[in-house]
There are 2 protein chains.
Amino acid sequence: MGGDLAPQAPVAGALLALAELPAEHRIQLVGRSAVVAAELDRLLGGEYAHLAAHRARIDIVDAPDVIEMTDKPTAAIRGKPNSSMAIGIKMHRDKLTDAFVSAGNTGAQMAASQFLLGRHAGVERPPVVTMLPTMKDPIVLLDAGANVDCSAAELVQFARLGAVYAEDVLGRANPAIGLLSIGEEPEKGNAVVKEAHQLLLKTDLNFAGNVEGRDILTGGSSRGKVDVIVCDGFVGNVLLKFYESVPALIFGKLAQAGVSKETLAGAFKGFDYSDYGGAPLLGVNGISIISHGRSSPRAIKNAIGVALRAIESQMDEHIGRRLAH
Amino acid sequence: MGGDLAPQAPVAGALLALAELPAEHRIQLVGRSAVVAAELDRLLGGEYAHLAAHRARIDIVDAPDVIEMTDKPTAAIRGKPNSSMAIGIKMHRDKLTDAFVSAGNTGAQMAASQFLLGRHAGVERPPVVTMLPTMKDPIVLLDAGANVDCSAAELVQFARLGAVYAEDVLGRANPAIGLLSIGEEPEKGNAVVKEAHQLLLKTDLNFAGNVEGRDILTGGSSRGKVDVIVCDGFVGNVLLKFYESVPALIFGKLAQAGVSKETLAGAFKGFDYSDYGGAPLLGVNGISIISHGRSSPRAIKNAIGVALRAIESQMDEHIGRRLAH
């Protein structure tokens, strides 16, 4: 039931995912069962008829409550215990499923994931990860908005969590960590960032130093590429929302100038957020994948792919080990 | 001598400005006099020969020291008292000139402006203004990087200074002020931003509430356009440097896709920083215009235009009055 395009996008995304996943994998669709079943029938009777063979790999789990995108997170989790969010995460906690994926209310997913799954020892505030397309490889940015007013120690924790994510889910060996600041020199930045710089130098992480706003799209500074950029959730959220607003400007201006949609789509291939689908809430016990509220079927499919890579790489276990350092 | 393209850009920019300025205005070029005179001769003997009539409106003031772009600001000002920066600002302090414009070392210009001109009563930390092109009118963003770790009271001061700038230099009546945050609601943001929101509600400013990263390029939120966006210098600097890095990505991708330079230039007319030229360091006594280090002759010309509008609108006096509120 989650996301701006539900139930169509999650149900269609599940079908697309099953077509790519090895045959032993199944998907549980959690939501109002009549609504989900009807949507499944509708899709398999039309546009998705060619995927009908995968219907047998889908279970529908009834969840009568629905958390709206506008509900306050904590109130929603307490007041709607039979939401798809709560039931789906409980199923994961109880090992009935290997991961949980949602495009629903992000705040509610964060609250429910922490409350029901618990956090790894030492993690106070799980960060939200986002993938930023760049001119080179996509970069992991965290925190993308969950935690403002972070301490230096929290930024270091984000770096550790981001490193495991880059290694396990993206397959980057010894990922390079950049600290977002306003100059390359260690003495540039606000008080927290300057302290975090010094703390990061003392870790076993592959710390590449400070990166600036101009280094994001180029995939790193003149000193080398970075895989992960660490910042507090205030800066991360401002930056991410600004980033997401750029295509509308570009496409609008260029369409006015007579450039075709096909040319634009071709030029900016790889800059579509649905390529990434979603990212795990890092630091909770388990795998809770947060997808964009506007997720398309393709984005949901890719989010399920992220979940699979997190499971297969044993990301959750590695996080526990990395935080013990 | 200041800027990455000196002496060519400032000297050529002065010639272009004189061609547009009313006949009573003169320009003093401050720098190594032999170098400046030679550059002036070179330009007037070639590309700028058509502007030779304006040579008589230029004075050359000798300044033997040169502050490099890499010099540490305070050390440069103390150690190079005969730099063009120090001499030019002293001339302004001593009323020998109505404004000072430079594309040189920004930190040195900020330090020298504060030290030599002094600050308006109540201004602790003058903010740097930048103009951000949007899909509607350009927006004033401050602070663009001078002051990190700002208090809520400082953000309110930036709002007051930005309002005067928008009113006087840009001619915006009753400019709308947005506070950069991570949600529209007053309770969204980090601790300082939430406090600043409450303080701004109590001022006589036209406070439009919080704006998010996604509201910048659209020129405001769904609740209306904004003229000024206030943030601390850390966020402002990250955002500005990111913003400045976007064209390289767009132009690169579209050139690869076969879109011509002419189409691109036409589509993004108005998105060229040189349209704005520079902006005053707000809160010092006087008019010290900071231009981008990479300023072209056109950018320098426009920076001189900004200086003229600041003089004619009596911006400096208005700032004193507005801060007394």
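Modeller: Start with a definition: two strands pair if DSSP finds at least two bridges between them. Strands are DSSP runs of E with at least two residues, helices are runs of H or I with at least four, and both are numbered from the N terminus. This is a predicted model, where local features need pLDDT of at least 70, side-chain atom pairs need 80 or more, and totals for chains, interfaces and linings use all residues. Residues count from 1 along each chain as its sequence is written, while chains are lettered from A and ligands numbered from 1 in the order written.

Biologist: What makes β5 and β10 of chain B a pair?

Modeller: Strand β5 (139-142) and strand β10 (228-230) of chain B are joined by 3 bridges. The cut-off is at least two, so they pair. They run parallel. In this pair, B:Val140 stands opposite B:Val228.

Biologist: How many bridges join β5 and β10 in chain A?

Modeller: Chain A has 3 bridges there, and the strands run parallel. A:Leu141 has A:Ile229 of β10(A) as its bridge partner.

Biologist: Which sheet holds these strands in chain A?

Modeller: It is an open sheet of 5 strands, in the order β4-β5-β10-β6-β7, with mixed pairing.

Biologist: Why are β4 and β7 of chain A called edge strands?

Modeller: Strand β4 (129-132) and strand β7 (206-211) of chain A each pair on one side only. From one strand to the next, the twist averages 30°.

Biologist: What is the strand order in chain B?

Modeller: Chain B has an open sheet in the order β4-β5-β10-β6-β7, again mixed. Its edge strands are β4 and β7 of chain B.

Biologist: What lies across the sheet of chain A?

Modeller: Helix α6 (152-168) of chain A does. It lies across β4, β5, β6 (176-180) and β10 of chain A, at about 165° to β10(A). Such angles are taken between N-to-C directions, from 0 to 180 degrees, and axes are lines fitted to C-alpha atoms, for helices over the stretch in contact. Helix α8(A) packs on the sheet too, touching β4, β5 and β6 of chain A. Its direction makes about 130° with that of β5(A).

Biologist: Why are α1(A) and α2(A) called oblique?

Modeller: Helix α1 (8-20) and helix α2 (33-44) of chain A pack at about 60°, with axes 10 Å apart. Under 35 degrees is roughly parallel, over 145 roughly antiparallel, 65 to 115 roughly perpendicular, and the rest oblique. About 60° falls in the rest, so this pair is oblique.

Biologist: Which residues make that contact?

Modeller: A:Gln8, A:Val11, A:Ala12 and A:Leu15 come from α1(A), and A:Val36, A:Glu39, A:Leu40 and A:Leu43 from α2(A). Contact means C-beta atoms, placed from the backbone, within 7 Å.

Biologist: What makes A:Glu39 count as charged?

Modeller: Charged means Asp, Glu, Lys or Arg; nonpolar means Ala, Val, Leu, Ile, Met, Phe, Trp, Tyr, Cys or Pro; the others, Gly among them, are polar. A:Glu39 is a Glu, so it is charged. The contact has 6 nonpolar, 1 polar and 1 charged residues.

Biologist: Where does A:Asp143 lie?

Modeller: A:Asp143 is in the loop between β5 and α6 of chain A. The peptide bond from A:Leu142 to A:Asp143 is cis, with omega near 5°.

Biologist: How do you know that the two copies are related as by a two-fold axis?

Modeller: A rotation of 180° with 0.0 Å of shift along its axis superposes chain A on chain B, with RMSD 0.0 Å. They are thus related as by a two-fold rotation axis.

Biologist: How do you know that the copies meet through the same surface?

Modeller: 100% of the interface residues of chain A are also interface residues in chain B, so the surface is the same. Each chain gives 37 residues to the contact. On the side of chain A, α8(A) supplies the largest share, 16 residues. That side has 21 nonpolar, 10 polar and 6 charged residues.

Methods. Copies are superposed by least squares on the C-alpha atoms of residues with pLDDT of at least 70 in both. Two residues are in contact if their C-beta atoms, placed from the backbone, lie within 7 Å.
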